[in-house]
Amino acid sequence: MMVSRARPFRRRALAGAAAVAACIPGPGVEAADLSAPAPAPTFVVAPPPTWIVTLSGNLQGLPQYPGAKDYTAVVYPGVDIRRADQPKRFSAPDDGFSLALYDSPYFRAGPTARVVPGRYYGDNRKALFGFRDAMWAVEPGAFVEFWPIPVLRARAELRHGVHGHHGLVGSVAVDYVQPIDRFVLSIGPRFNFGDSSFAQRYFGVQPYEAALNGFVTPFRPESYTTVGGLAALTYTFDAQWAVTGYASYNRIVGASADSPLVRGRFGTPDQFVFGTRIDYSFSMPALF
């Protein structure tokens, strides 16, 4: 009887010993592993935001003043700024100086500005005798761009003149943009407009101006409108350098087309522009 009772007790003792042994670390686990502190968290320092700045130099052949028949050459700079994480965007030669504050694959918007050349007596002493000078102007404003498909861009600008004129002006452009290896071909229509303040400043004739000049009559246009187009071809050498050749045509229509400055001996409604642009791009820390 004592032997039969001892066997169940021995089985229970062996089971308890096995449970205790399962809680004891094996030979592959060191005591230091249980007491070692957790590794300190690692913080990754994000790189500072970076801008890609593109500086442009433009050489243009264009009418001496709006509506003129004779041409002159001008040189002027340009600038474009984008974030380094944004792809390089197409820019037409007749775009204003722009900074995209909102930029997505389909839509861009931000401030823009243009400089409008003036009309001075020294430009053509025969045609402009008796006329007051129409000073050069700066036109700050805003732009929006829409890309419905990757090869088609629509852009609109609305600006207000300061210094030379104080009118409201704007432009609408549509470009078909086709990359071909290192080349980018673009072509599309143009539409420009201005209010009566702009039109009278550059195309109006005051009675005293008509009397002094002797070859024109007083004229007071209420609007300014042109229609035309632009074609450009860009070749990109590398990430820094690119060169663009372009030509545009705009015809003055509507009220301003009847100005004596346009229809007279020294004027024409057909306005051509030919130009070359060189772009140089570099990176810099973002200022904001």
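**Entry 1: Thr-244**

I began with a side chain: that of Thr-244 makes a polar contact with the side chain of Thr-234, at 2.7 Å. A polar contact is a pair of N or O atoms within 3.5 Å; within protein, one must be able to donate a hydrogen and the other to accept it, and residues adjacent in sequence count only if both atoms are side-chain atoms. Before going on, I noted that this is a predicted model, where local features need pLDDT of at least 70, side-chain atom pairs count only at pLDDT 80 or more, and totals for chains, interfaces and linings use all residues. Residues are numbered from 1 along each chain as its sequence is written, and side-chain values use heavy atoms, with hydrogens and water left out.

Is Thr-244 buried or exposed? I found it buried, at 2% relative accessibility. Buried means under 20% relative accessible area, exposed over 50%, and partly exposed in between (1.4 Å probe, protein chains only). I located Thr-244 in strand S11. Helices (H or I, at least four residues) and strands (E, at least two) are DSSP runs, numbered from the N terminus. I then listed contacts, meaning heavy atoms within 4.5 Å. Not counting residues up to four places away in sequence, Thr-244 touches Pro-93, Ala-232, Leu-233, Thr-234, Gly-275, Thr-276 and Arg-277.

**Entry 2: strands around S10**

Next I looked at strand pairing, which requires that DSSP finds at least two bridges between two strands. S10 (residues 224-236) runs antiparallel to S9 (residues 183-194), and twelve bridges join them. In this pair I saw Gly-188 opposite Leu-230 of S10. S10 also pairs with S11 (residues 241-253), again antiparallel, over twelve bridges. There Gly-228 stands opposite Asn-250 of S11. How many residues does the hairpin from S10 to S11 pass through? I read four.

**Entry 3: Glu-209**

I moved to helix H4 (residues 207-213), which holds Glu-209. Glu-209 is buried, with a relative accessible area of 1%. Which backbone atom does its side chain reach? I found the backbone nitrogen of Gln-206, at 2.8 Å. Setting aside residues up to four places away in sequence, Glu-209 touches Gly-130, Phe-131, Arg-132 and Gly-204.

**Entry 4: nonpolar cores**

A nonpolar core is a set of buried Ala, Val, Leu, Ile, Met, Phe, Trp, Tyr and Cys residues joined through side-chain atoms within 4.5 Å. The largest one has twelve residues, including Val-116, Phe-198, Phe-203, Tyr-224 and Ile-252. Helix H3 (residues 196-203) gives the largest share of this core, four residues. Another core lies apart from it, with nine residues, among them Tyr-65, Ala-68, Leu-128 and Leu-261. I checked Phe-203 too: leaving aside neighbours within four places in sequence, its contacts include Pro-66, Arg-119, Phe-219 and Leu-261.

**Entry 5: whole chain and confidence**

I counted five helices and twelve strands in the chain. Of its 288 residues, 36% count as buried.

Last, I checked pLDDT, the predictor's confidence in each residue, from 0 to 100. The chain's mean is 85, and 84% of its residues reach 70 or more. Where is confidence lowest, and where highest? It is lowest in helix H1 (residues 2-22), at a mean of 48, and highest in strand S7 (residues 152-160), at 98. Over residues 1-10 the pLDDT is below 50, and this stretch has zero contacts in the model beyond near neighbours in sequence. Residues 28-32 also stay under 50, with zero contacts beyond four places in sequence. Where pLDDT is low, the predicted coordinates should not be read in detail.
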